[in-house]
Amino acid sequence: MAELNTGDSGGKKDGKVRSKKNSGSVDLTAMVDLAFLLITFFMLTTTLSKPQSMNLAMPDKDPDLVEKNKTEVADDRTMTVLLGKDNQIMWYFGQLQTPFVAPTKTTYGKDGIRKVLLQYIKSVPARYNNDPKKGLIVIIKASDNANYKNVVDILDEMAITKVQTYAIVDITQPELDLLTNEGLN
């Protein structure tokens, strides 16, 4: 539309008509709505990172419950893993006094304890006509010189190899003596 200005020049000498300049403004309401929609969309469509933890059931400290819940396990199903210093592991199969497999040094990783675990995971149930309830049982014992990373690493090996039954127990004096003789304590 055209604007008709019939008034005088407003006291200006040159007689030109000038319009008032308003400051420019931008309506940001639509932009704010869009921002909230995008935030909502990405919050609902992304998956949050899951905490990386492992479930670990620890036994009760009540001595009466410990005695009541003791389970006898066949020696030919039991592997004991001793954690020593300098990321070294010693393992044996059966009882320490009369082992089926003598104590052996190894390390962590696929060519170390993982290889041994995978071998016994297959061979132990074969002795019991592949009964899934008669699988390998691993007992983990850490010396005072083993660090926290060693315990986490051996628990990772249990998860990787899918060992069904394992326990962390206190190390005994004969086992400490064995580690000391081998230079691992």
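In which sense do strand β2 (residues 89-94) and β3 pair, and over how many bridges? They pair in the antiparallel sense, over five bridges, where two strands count as paired if DSSP finds at least two bridges between them. This is a predicted model, in which local features need pLDDT of at least 70 and side-chain atom pairs count only at pLDDT 80 or more, while totals for chains, interfaces and linings use all residues. Residues are numbered from 1 along each chain as its sequence is written, and side-chain values use heavy atoms, with hydrogens and water left out.

**The sheet**

- Five strands form an open sheet with mixed pairing, in the order β3-β2-β1-β4-β5; helices (H or I, at least four residues) and strands (E, at least two) are DSSP runs, numbered from the N terminus.
- Because β3 (99-106) and β5 (165-169) stand at the edges, each with a single partner strand, one side of each is left without a neighbour in the sheet.
- Strands β1 and β4 run parallel and are joined by six bridges, and here the bridge partner of V81 is I140 in β4.
- The pairing of β4 with β5 is also in the parallel sense, over five bridges, and K141 stands opposite V169 in β5.

**Helices across the sheet**

- Helix α3 (residues 113-127) lies across β1 (78-83), β2, β3 and β4 (137-142), and runs at about 10° to β2; axes are lines fitted to C-alpha atoms, for helices over the stretch in contact, and angles run from 0 to 180 degrees between N-to-C directions.
- Helix α5 (residues 173-181) lies across β1, β2, β3 and β4 too, running at about 55° to β1.

**Helix α3 and helix α4**

- The axes of α3 and helix α4 (residues 148-161) come within 10 Å and cross at roughly 40°.
- In their contact (heavy atoms within 4.5 Å), I113, R114, L117, L118 and I121 in α3 meet I154, E157, M158, I160 and T161 in α4.

**Aromatic pairs**

- A search of the whole structure finds four aromatic pairs, which are rings of Phe, Tyr and Trp (its six-membered ring) with centres within 6.5 Å; planes under 30 degrees apart count as stacked, over 60 as edge-to-face and the rest as tilted.
- The rings of W91 and Y120 have centres 5.7 Å apart and planes at 65°, so this pair is edge-to-face.
- Since W91 lies in strand β2 and Y120 in helix α3, the pair ties together parts that are 29 residues apart in sequence.
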